[in-house]
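Please open the model in a viewer and keep the selection panel at hand.

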Amino acid sequence: MIDFCILGSGIAGSTIANLLSKKYSVHLFDKARGPGGRSSNKKFKNNLIFDHGVQYISPKSELFSKYIKKLYKNKILKIWENNHLDFTYEKKPISNKFIGTKANNDLVKYNLKGIKKSFTSPISKIYFNNYFWEITLKDNSTHQFKFLILTCPFPQLKKLAKNYLDKKILKLKVNMEPNITVMVAFKNQKELPISSIKFDDDILAWAANENSKKRFRSNINLWTLQATLKWSKKKINKYKIDKSVMNQLIKRFIKLTGIEKNKLIFKKIHGWKYSYNYKKTPYLSLWNKKYNLGVCGDWLNGPKVENAWLSANDLAKKIK
Ligand SMILES: Cc1cc2nc3c(=O)[nH]c(=O)nc-3n(C[C@H](O)[C@H](O)[C@H](O)COP(=O)(O)OP(=O)(O)OC[C@H]3O[C@@H](n4cnc5c(N)ncnc54)[C@H](O)[C@@H]3O)c2cc1C
């Protein structure tokens, strides 16, 4: 029997899988088609490629900075140079913006090298029979493991594992905020000396120029647009049926930047229902010895890649 079942191939799942694989056998499952979770990368026809979740990593803690430096040295990550414009004029310390050399799921791919993994494999049921875990996938196949690690956002965790979580965990007030993201491409564009724009606007919060990440050369300009929190909250339950949500965000981008409207050749919307939890819980990770069950993920201690990574490291320490 394989030791660990790991649910989720995001930063937390891939990190804990990597750490545990040094000592135990692991098998990771993700419901998505590829690795990365909220740090995944979207590829469309004609080589249109977008980081539609995580945009960059700016490490803060000593431990995480050391890890990021190692990945930078190994050319898994690079620095996102050029002009990052901020029209909110918020005072923030200037720090390096690290991105994947090929895509922003490079970090996850690096973690998962050599690890047994299954994609398009949603775990729909978990059951502990006092000796081992039995997990059921959506196709009704069942798999047995000694230990189980869950890294999905809190609302999904509560649904799947409510019979195995302490009452005080089930009662936690975790508010995972949504985000609406739109990916757009404009033809016949010159290379722009702008990498990202932070807007002072009620609809559009941020735009990232994918070309400026220098992973490809093209006269098609790719932008990833992120809506403001307030607007995302209003639209998250409507965007799938209401096309005007996507068009409104694009219209605002065109208005604020002056990009020619008739050059637009591609648009796609993605709604992140559970994108950030801004408020920390009292826990960095959870380890339940009675059930051989571990939980980690960014939702426990903050809204960034760094928080997910620290959570996974904390859990690995508890297990050892
Ligand atoms: C739009 C957006 C922009 C962001 N930008 C930044 C940024 O610039 N910098 C930064 O540091 N952070 C950013 N973040 C936050 C960052 O993405 C997260 O903090 C981090 O990626 C969370 O990683 P995680 O492993 O905890 O969770 P996730 O990445 O959400 O991983 C959970 C995984 O579990 C899988 N899963 C869920 N349920 C099941 C199931 N039943 N069966 C199987 N698999 C399942 C999911 O498919 C997913 O892959 C951004 C987030 C969003 C949404």
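**The ligand shell**

Select the ligand first: of the 38 residues around it, Gly8, Gly10, Gly37, Arg38 and Ser275 come nearest, where a residue is near a molecule if its C-beta atom, placed from the backbone, lies within 6 Å of it. Helix H1 (11-21), helix H4 (154-161), strand S12 (177-186), strand S16 (264-276) and helix H8 (305-319) are the elements giving two or more residues to this shell; helices (H or I, at least four residues) and strands (E, at least two) are DSSP runs numbered from the N terminus.

The model is predicted: local features need pLDDT of at least 70, side-chain atom pairs count only at pLDDT 80 or more, and totals for chains, interfaces and linings use all residues. Residues are numbered from 1 along each chain as its sequence is written.

Colour next by domain, with bounds from an automatic or database domain assignment: domain 1 (2-73 + 101-174 + 280-319) and domain 2 (177-276) each supply at least three residues to the shell around the ligand.

**Helix H8**

Now select H8, whose 15 residues reach 21 Å from first C-alpha to last, close to the 21 Å expected at 1.5 Å a residue (1.5 Å times one less than the number of residues). Eleven of the 15 residues of H8 are buried, so the helix is largely enclosed by the rest of the structure; buried means 20 or more other C-beta atoms within 10 Å of a residue's own, exposed 12 or fewer, and partly exposed in between, with C-beta atoms placed from the backbone. Among the buried residues are Trp309 and Leu315.
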